[in-house]
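Visitor: I have not seen this structure before, and I would like to be guided through it step by step. Could we begin with the display and then take up the questions one at a time?

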Amino acid sequence: MKIYVGNLSRDVSQDDLRIAFEAFGKVSSATIIKDMFSGESKGFGFVEMENDSEAKAAIEALNGSELNGRNIVVNEAKPKEKE
């Protein structure tokens with residue numbers, strides 16, 4: 001399951017994201033979206049977990065929790081809608 005993680009502090013690393021979610025199960029990838037020109041974090045990212053029940057537990061536990069001084073928004077990633 002792909003999980004959206006928002007309201008990330010600019011200093012959160014992909015490793016920080018991975019570690020936070022690994023408490024709930026196996027993480028297959030953790031990515032922070034960066035601005036292609038400045039290379040700075042855009043304040044959100046995605047985590048992929050193989051097991052849906054572990055992913056749901058992580059979403060439930062981490063949504064609204066604090067990571068590096070900010071309360072993060074965590075929910076199931078929705079496919080981008082075509083316009």
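This is a predicted model: local features need pLDDT of at least 70, side-chain atom pairs count only at pLDDT 80 or more; totals for chains, interfaces and linings use all residues.

Visitor: What pattern does the chain follow when read along the sequence?
Guide: The secondary structure consists of two helices and six strands. Taken in sequence order, these elements give the pattern β-α-β-β-α-β-β-β.

Visitor: Which radius of gyration does the chain have, and what does the globule rule give for 83 residues?
Guide: The C-alpha trace spans about 35 × 35 × 20 Å along its principal axes. The chain is as compact as a globular protein of that length, because its radius of gyration is close to what the globule rule gives for 83 residues; the two values are 12 Å and 12 Å.

Visitor: What share of the contacts with a separation of 6 or more comes from residues 24 or more positions apart?
Guide: Contact here means heavy atoms within 4.5 Å. Among the contacts in the chain with a separation of 6 or more, the share that belongs to residues 24 or more positions apart is 58%.

Visitor: In which order do the four strands of the open sheet stand?
Guide: β1 is joined to β6 by four bridges, and β1 also pairs with β3 over five bridges. β3 in turn is joined to β2 by six bridges. The pairing in this open sheet is antiparallel, and the order of its strands is β2-β3-β1-β6.

Visitor: Which strands stand at the edges, and why is one side of each left without a neighbour in the sheet?
Guide: A strand at the edge has a single partner strand, so one side of it is left without a neighbour in the sheet. That holds for the strand at residues 27–34 and for the one at residues 73–76, which are β2 and β6.

Visitor: Which residue in β3 stands opposite isoleucine 32?
Guide: Strand β3 covers residues 41–49 and runs antiparallel to β2. Within this pair of strands, alanine 30 has valine 47 of β3 as its bridge partner, and the residue of β3 opposite isoleucine 32 is glycine 45.

Visitor: Which residue in the turn of the hairpin has a positive phi?
Guide: β2 and β3 form a hairpin with six residues between them. Aspartate 35 is found in this loop, and a polar atom of its side chain lies 2.8 Å from the backbone nitrogen of phenylalanine 37. The turn residue with a positive phi, of about 80°, is glycine 39.

Visitor: At what angle does helix α2 run to β6?
Guide: Helix α1, at residues 14–22, lies across β1, β2, β3 and β6 and runs at about 140° to β2. Helix α2, at residues 52–62, lies across β1, β3 and β6, and its angle to β6 is about 150°.

Visitor: Is serine 9 buried or exposed?
Guide: Serine 9 has its place in the loop between β1 and α1, where its side chain makes a polar contact of 2.3 Å with the side chain of aspartate 11. Residues under 20% relative accessible area count as buried. Because the relative accessible area of serine 9 is 11%, the residue is buried.

Visitor: What is the phi of asparagine 68, which is not a glycine?
Guide: Asparagine 68 is found in the loop between β4 and β5, and this residue is touched by serine 9. At 39% relative accessibility, asparagine 68 counts as partly exposed. Its phi is positive, at about 50°.

Key
Residues are numbered from 1 along each chain as its sequence is written. Side-chain values use heavy atoms; hydrogens and water are left out. Two strands pair if DSSP finds at least two bridges between them. Axes are lines fitted to C-alpha atoms, for helices over the stretch in contact, and angles run from 0 to 180 degrees between N-to-C directions. The radius of gyration is taken over C-alpha atoms; the globule rule is 2.2 Å times the number of residues to the power 0.38. Buried means under 20% relative accessible area, exposed over 50%, partly exposed in between (1.4 Å probe, protein chains only). A polar contact is a pair of N or O atoms within 3.5 Å; within protein, one must be able to donate a hydrogen and the other to accept it, and residues adjacent in sequence count only if both atoms are side-chain atoms. Lists of a residue's contacts leave out its neighbours within four places in sequence.
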